[in-house]
Amino acid sequence: MKVSAREWEAVLGGTVRVPDPHTLVHLQFRRFAGCPVCNLHLRSVVRRHDEITARGVTEVVVFHSSAAELRPHAVDLPFAVVGDPEKRLYVEFGVESAPRSVLDPRAWGAIVRGVVRDLGPVLRGRRPLPEPEGGRLGLPADFLIAPDGTVVAEKRGQHAYDQWSVDELLAHAQVLTSKD
């Protein structure tokens, strides 16, 4: 698969280029703004963001929510967040929605951990209660895109918490950057 060059508006302002002519792009498709399962995963990416960028990877995260819905959830993320409420990018990249996203028992632990983690800030008014535009049944997907637009690695999740770990992302990037 080859991704044609384009620019997307980031929800906090500015644009993001995909592919990036200078770095690998880790394009993540997540679910909805405020998704507790997505937040759980993105916190691991935030904690290790310096390692990711040092490996020559730019993070871009797409949600099927509007920019207005995403802004309060994206303010502390050190990477570009893109809203796609019409799910045009989801269709283009073949990213699915299915009941198995939340019905698969492998996702249940992450669902509970994510809800517990996010409940306090919601109750204290520090984070808005999620209102899932586009539904709750999205599946995650990861694409690693080379500067020429070639998708060099991908993972299509089978449930809501089935995505690359940071270690898996770094391993893919290591293989690709060690060839240079």
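Trainee: What does the secondary structure of the protein come to?

Mentor: In this predicted model, the protein has 7 helices and 7 strands. From the N terminus on, the order is β-β-β-α-α-β-α-β-α-α-α-β-β-α.

Trainee: What makes the radius of gyration of the protein agree with a compact globule?

Mentor: For 180 residues, a compact globule would have a value near 16 Å; the protein has 15 Å, so the two agree. Along the principal axes, the C-alpha atoms fill a box of roughly 50 × 35 × 30 Å.

Trainee: Which share of the contacts joins residues 24 or more positions apart?

Mentor: Of the contacts with a separation of 6 or more, 68% are of that kind. Buried residues make up 51% of the 180 residues. The accessible surface comes to about 8,600 Å², and carbon and sulfur atoms hold 55% of that surface.

Trainee: How many positive and negative side chains are there?

Mentor: There are 23 positive and 23 negative ones, and the centres of the two sets lie 4 Å apart.

Trainee: Why is Asp162 called buried?

Mentor: The cut-off for buried is under 20% relative accessible area. Asp162 has 15%, so Asp162 counts as buried. Asp162 is placed in the loop between β7 (151-156) and α7 (166-177).

Trainee: What makes the pair of Asp162 and Lys155 a polar contact?

Mentor: A polar contact needs N or O atoms within 3.5 Å, one able to donate a hydrogen and the other to accept it. The side chains of Asp162 and Lys155 make such a contact at 3.0 Å. Beyond residues up to four places away in sequence, Asp162 touches Pro140, Lys155, Arg156 and Gly157.

Trainee: Is His41 buried or exposed, and how do you know that?

Mentor: Its relative accessible area is 2%, and the limit for buried is 20%, so His41 is buried. His41 lies in helix α1 (residues 36-47). With residues up to four places away left out, His41 touches Gln28, Arg30, Tyr161, Gln163 and Trp164.

Trainee: Why is Ala5 called exposed?

Mentor: Exposed means over 50%. Ala5 has a relative accessible area of 67%, and therefore Ala5 is exposed. Ala5 sits in the segment before β1 (6-9).

Trainee: Which residues is Ala5 in contact with, leaving aside its neighbours within four places in sequence?

Mentor: Those residues are Val18 and Pro19. Asp20 is 15 residues from Ala5 in sequence, and their C-alpha atoms are 8.2 Å apart.

Trainee: What kind of peptide bond joins Val18 and Pro19?

Mentor: The bond is cis, with omega at about -5 degrees. Pro19 itself lies in the loop between β2 (15-18) and β3 (24-29).

Trainee: What is said of phi at Lys87?

Mentor: Lys87 has a positive phi of about 60 degrees, although Lys87 is not a glycine. Lys87 is found in the loop between β5 (80-83) and α4 (88-93).

Trainee: Where does Glu69 lie?

Mentor: Glu69 belongs to helix α3 (residues 67-74). Apart from neighbours within four places in sequence, Glu69 is in contact with Ala33, Glu131 and Glu133. Glu69 and Gly83 are 14 residues apart in sequence, with 8.6 Å between their C-alpha atoms.

Technical notes. Residues numbered from 1 in each chain as written. Predicted model: local features only at pLDDT ≥ 70, side-chain atom pairs only at ≥ 80, totals over all residues. Heavy atoms only, no water. Helix = DSSP H or I, 4+ residues; strand = E, 2+ residues; numbered from the N terminus. Buried < 20%, exposed > 50% of the residue type's maximum accessible area, 1.4 Å probe, protein only. Contact = heavy atoms within 4.5 Å. Rg over C-alpha atoms; globule rule 2.2 N^0.38 Å. Areas by Shrake-Rupley, 256 points an atom, 1.4 Å probe, with all protein chains shown as cover. Lys, Arg positive; Asp, Glu negative; His and termini not counted. Charge placed at Lys NZ, Arg CZ, Asp CG, Glu CD.
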